[in-house]
Amino acid sequence: MQISEWSILLLLLKLANYMAIAALAGTLLMRFILVRNRLVNKHNSQYINSINTWQITWVALGLVAAMLQVPIEAGAMSESGFAGMWDAFMLDFMWQSVIGDQAALRIPAFIIALIALITWQKLTGLMTRVNLGITIIALLSIIYSFTFTGHSAEKNLLIKSMFFWHLIAIASWGGALWPLYKSCKLFPISTVKPVMHQFGQLAIIVVLLMLASGIFLLFQHLASFSELFTTNYGQLIMLKLLLVSAVLLMGAWHKFSLVPNLTQENIATLKRSISVEMLVAILVILTTSVLTTLVGPPV
């Protein structure tokens with residue numbers, strides 16, 4: 001694994017994109033839970049504003065990262081320093097490649113998502129549902145753009161589909177943690193419990209999807225079980241599996257112990273546990289960014 005200033009920049013771009021889709025997907029999941037439990041009302045406006053600001057901030061950063069992708073890839077390939085980012089020939093070359101195809105889909109999708117998020121709270125009735133539908137389509141388009149490059153880019157449709165669903169699952173689960181943490185701070189106990197219970201039900205589906213697609217991809221990229229221990233790629237996969245296992249254990253503790261017995265006295269314990277879970281989720285996303293940017297499967 002060779003580390004250069006360009007590889008660090010590309011890693012940061014990938015991380016910003018992953019955090020953007022996590023904030024978007026996780027908060028959409030929370031919007032679904034709020035609507036399902038009829039919790040979208042003026043009494044919860046502070047919470048709604050909070051998660052809306054969170055979405056807008058990360059999607060705006062994701063848009064900036066998407067706009068920088070082509071010039072940074074051009075600079076990395078030109079090997080003429082940062083001036084290479086603005087080399088007309090290299091920029092044109094990048095726009096003609098899959099990097100350009102990726103940017104051509106991702107940038108408009110981020111812009112549409114940003115407009116939808118900014119207007120979300122100003123709409124009522126049917127237009128709110130239209131807004132939600134447009135936001136979901138923008139999110140799926142951004143996630144689909146990840147299949148253009150990376151280890152699954154040259155694979156068949158099944159492998160690309162599994163990678164697509166794996167990203168949706170990780171983004172939905174990891175991105176929902178911060179809105180859940182805020183719900184503990186801004187909602188009364190009587191509201192926190194149904195929100196947590198509903199998330200626990202959906203999390204079972206999300207986790208099963210994440211594990212099934214992740215294991216499938218693992219067997220596609222490794223030729224033998226021993227490569228888990230003898231290659232950089234396999235060792236990073238092992239680290240990711242350990243981190244995911246830690247999060248699953250914390251999730252199980254929340255679902256079967258903390259949430260059923262939640263009171264005003266012990267809600268601080270739940271908040272601290274979600275904080276730790278968020279930290280581990282960021283490490284999972286960082287590990288995924290390294291795996292898809294700096295370290296490839298063994299050849």
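What follows is a description of a predicted model, taken helix by helix and then pair by pair.

**Helix faces**

Helix α5 comprises the 20 residues 126-145. At 1.5 Å a residue it should span 28 Å, and its end C-alpha atoms lie 29 Å apart, which agrees. Buried in α5 are Asn131, Thr135, Ala138, Leu139, Ile142, Ile143 and Ser145. Because these residues cover an arc of only 155 degrees around the axis, they are on the same side of α5. The face turned away from that buried side carries Leu126, Arg129 and Ile137, which are exposed. The cover over the buried residues of α5 includes α1 (5-36), α4 (98-119) and α6 (157-186).

Helix α3, residues 88-95, has Met90, Leu91 and Met94 buried. Their arc around the axis is only 100 degrees, so they sit on the same side of α3. Ala88 and Phe89, on the other side of α3, are exposed. Among the elements that cover the buried residues of α3 are α2 and α4.

The buried residues of α9 are Tyr233, Gly234, Leu236, Ile237, Lys240, Leu243, Val244, Val247, Met250, His254 and Leu258. These buried residues are covered by elements including α6, α7 (189-221), α8 (227-230) and α10 (267-293).

**Helix pairs**

| Pair | Axis distance | Crossing angle |
|---|---|---|
| α2 and α6 | within 10 Å | roughly 155 degrees |
| α1 and α10 | within 9 Å | roughly 130 degrees |
| α6 and α7 | 8 Å | about 150 degrees |

How are the axes of α2 and α6 placed relative to each other? The axes of α2 (residues 45-78) and α6 come within 10 Å and cross at roughly 155 degrees. An angle over 145 degrees counts as roughly antiparallel, and α2 is therefore roughly antiparallel to α6. The α2 and α6 crossing is right-handed. On the α2 side the contact involves Gln46, Tyr47, Ser50, Ile51 and Trp54, which meet Trp178, Pro179, Leu180, Lys182, Ser183 and Leu186 of α6.

For α1 and α10, the axes cross at roughly 130 degrees, which makes α1 oblique to α10. This crossing of α1 and α10 is right-handed. From α1, the residues Ser7, Leu10, Leu11, Lys14, Leu15, Tyr18, Met19 and Ala22 meet Ile285, Leu286, Thr288, Ser289, Val290, Thr292 and Thr293 of α10.

**A loop residue**

Where is His151 found? His151 belongs to the loop between α5 and α6. With a relative accessible area of 24%, His151 is partly exposed, as the cut-off for buried is under 20% and that for exposed is over 50%. His151 and Ser141 are 10 residues apart along the chain, and their C-alpha atoms are separated by 19 Å.

Methods
Residues are numbered from 1 along each chain as its sequence is written. This is a predicted model: local features need pLDDT of at least 70, side-chain atom pairs count only at pLDDT 80 or more; totals for chains, interfaces and linings use all residues. Side-chain values use heavy atoms; hydrogens and water are left out. Helices (H or I, at least four residues) and strands (E, at least two) are DSSP runs, numbered from the N terminus. The expected span of a helix is 1.5 Å times one less than its number of residues. Buried means under 20% relative accessible area, exposed over 50%, partly exposed in between (1.4 Å probe, protein chains only). The arc is that of the directions from the helix axis to the C-beta atoms. Contact means heavy atoms within 4.5 Å. Axes are lines fitted to C-alpha atoms, for helices over the stretch in contact, and angles run from 0 to 180 degrees between N-to-C directions. Angles under 35 degrees count as roughly parallel, over 145 as roughly antiparallel, 65 to 115 as roughly perpendicular and the rest as oblique. A crossing is left-handed if the near helix is turned anticlockwise from the far one by less than a right angle, and right-handed if clockwise.
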